[in-house]
Amino acid sequence: MRILYHHRTLGDGAEGIHIQSIVNCLKQQGHEVRVVSLVGEKTEFRTSQEARESKWDKIKSIIPQPVYELAEIAYNVKGKAMLMKAIREFKPDIIYDRYAHFSFSALWAAKKSGLPLILEVNSPYSIQKRQWEKLYFPGLSKMGEQKIFEAAPRIIVVSTPLKQIIADYGVDTSKVTVLPNGTDPDRFDPKLDATPLKKELGLEGKTILGFVGILRSWHNIDKLINILEEIDLEKHNAAMVFLGDGPSYEELTAYNKKKGNEKVILFPGRIPHKDIQRYVAMFDIAISPHATPYSSPMKILEYMAMEKAILAPDMSNIKDLITDGETGLLFTPDNAEALKSRLLTLMNDAELRARLGQKARQAVLERFTWDNNARLTAEMAREMVDELSK
């Protein structure tokens with residue numbers, strides 16, 4: 001099939017990994033794919049620095065937020081023009097659109113050209129932006145999102161709660177498929193020797209707890225530090241490593257230093273994605289202290305691919321990925337005592353950690369690969385193309 005893939009992102013971080021992985025897997029499965037976006041057709045990983053240096057991110061940084069929201073709507077004129085040009089040149093069988101705030105250009109182009117369309121939804125932006133950003137046109141945002149979801153002929157969402165959010169808009173959920181994020185297990189070697197890095201960081205012989213992600217206030221890292229103090233990591237010959245930077249990095253490192261935890265709680269900063277597995281290889285326990293309710297956390301899938309024992313909140317979207325007691329341990333969300341209890345269970349039981357890790361990687365191999373996601377997406381696309389040709 002010939003698939004026209006449209007997105008309106010900078011192509012960095014998790015979204016860049018998702019886009020590149022799906023596009024590359026579709027190509028490897030024999031499909032022709034053309035990418036249409038403001039950052040071009042490049043489908044290689046973009047670093048955050050490359051994204052920050054892009055002209056579109058520079059424009060975003062200087063535009064007042066109310067104007068930027070209106071610019072998101074105005075983008076659809078540009079987006080439709082780019083898509084129609086690609087349709088004339090590439091002659092696709094179907095359009096695949098990664099949903100963005102106020103973005104309906106792909107729906108517009110699909111209707112104009114008579115092509116089927118699949119909408120991939122990773123976040124309900126009218127909700128996300130109200131929670132974490134200042135949204136100047138919330139009513140317009142919600143109405144636009146509902147109209148886009150109603151108009152899309154088929155929708156792929158990354159979690160069960162996200163499907164429910166779409167149902168709450170009154171959208172027919174028979175056209176909505178839950179397809180959690182994936183990973184590439186070949187990129188993550190659970191047998192990787194972590195001894196040299198442990199030695200470099202002064203962590204030899206310790207039970208290593210770990211976290212990977214952007215350090216934001218809602219990750220509850222400060223609360224986790226307090227729990228780790230109660231546990232007394234030195235007493236258990238353990239250490240905690242937080243990998244990543246972000247808005248809360250300076251505040252958290254200062255807080256950690258003030259409490260005198262620098263020997264047992266480390267903040268190495270941001271690690272390039274290609275090097276992440278070297279650090280995750282050190283972990284005996286991978287902790288996700290908090291999760292956005294509708295997300296499909298890619299870092300959890302990478303922990304699973306690395307055969308790590310995972311501790312995560314007991315939430316519907318997390319249960320899309322982890323079966324409690326089989327491929328990880330879940331704790332009652334926002335409950336410090338529950339997290340502490342289950343963490344101590346893992347710290348004190350190496351056999352349990354090993355069993356959970358092995359089962360987690362097996363689940364990835366069977367269900368959570370980008371290759372599998374691309375295959376299921378292509379099957380859906382083929383059904384839509386065949387129905388249109390009848």
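Six strands form an open sheet with parallel pairing, in the order β2-β1-β3-β4-β5-β6. β2 and β6 (176-178) are at its edges, and each has a single partner strand, so one side of each lacks a neighbour in the sheet. From one strand to the next, the twist averages 20°. The model is predicted.

- β1 and β2 run parallel and are joined by five bridges.
- L4 has R34, in β2, as its bridge partner.
- Helix α5 (residues 105-113) lies across β1, β3 and β4.
- The direction of α5 is at about 170° to β3.

**Sheet with β7 to β12**

- Another open sheet of six strands, paired in parallel, has the order β9-β8-β7-β10-β11-β12.
- Its edge strands are β9 (265-269) and β12 (329-331), each of which pairs on one side only.
- The twist in this sheet averages 25° from one strand to the next.
- Strand β7 (residues 207-212) pairs with strand β8 (residues 238-243) in the parallel sense, over six bridges.
- Within β8, A238 is the residue that stands opposite T207.

**Helix α1**

- Helix α1 covers residues 13-28, which is 16 residues.
- At 1.5 Å a residue α1 should span 22 Å, and this agrees with its end C-alpha atoms, which are 22 Å apart.
- The buried residues in α1 are G16, I17, H18, I19, Q20, S21, I22, V23, C25 and L26.
- On the strand side, the buried residues of α1 pack against β1 (2-6), β2 (32-36), β3 (94-98) and β4 (117-121).
- They also pack against two helices, α13 (298-305) and α17 (370-389).
- After α1 comes G30, which has a positive phi, near 100°.

**Helices α15 and α16**

- Two packed helices are described by the angle between their axes and the distance between the axes.
- For helix α15 (residues 336-347) and helix α16 (residues 350-367), the angle is about 100° and the axes are 6 Å apart.
- Angles of 65 to 115 degrees count as roughly perpendicular, and α15 and α16 are therefore roughly perpendicular to each other.
- T345, L346 and M347 are the α15 residues that meet α16, where L352, R353 and L356 take part.
- By type, the residues of this contact between α15 and α16 are four nonpolar, one polar and one charged.

Notes
Residues numbered from 1 in each chain as written. Predicted model: local features only at pLDDT ≥ 70, side-chain atom pairs only at ≥ 80, totals over all residues. Heavy atoms only, no water. Helix = DSSP H or I, 4+ residues; strand = E, 2+ residues; numbered from the N terminus. Expected span 1.5 Å × (residues − 1). Buried < 20%, exposed > 50% of the residue type's maximum accessible area, 1.4 Å probe, protein only. Contact = heavy atoms within 4.5 Å. Axes fitted to C-alpha atoms, helices over the stretch in contact; angles between N-to-C directions. Parallel < 35°, antiparallel > 145°, perpendicular 65-115°, else oblique. Nonpolar A, V, L, I, M, F, W, Y, C, P; charged D, E, K, R; others polar. Pairing = 2+ DSSP bridges.
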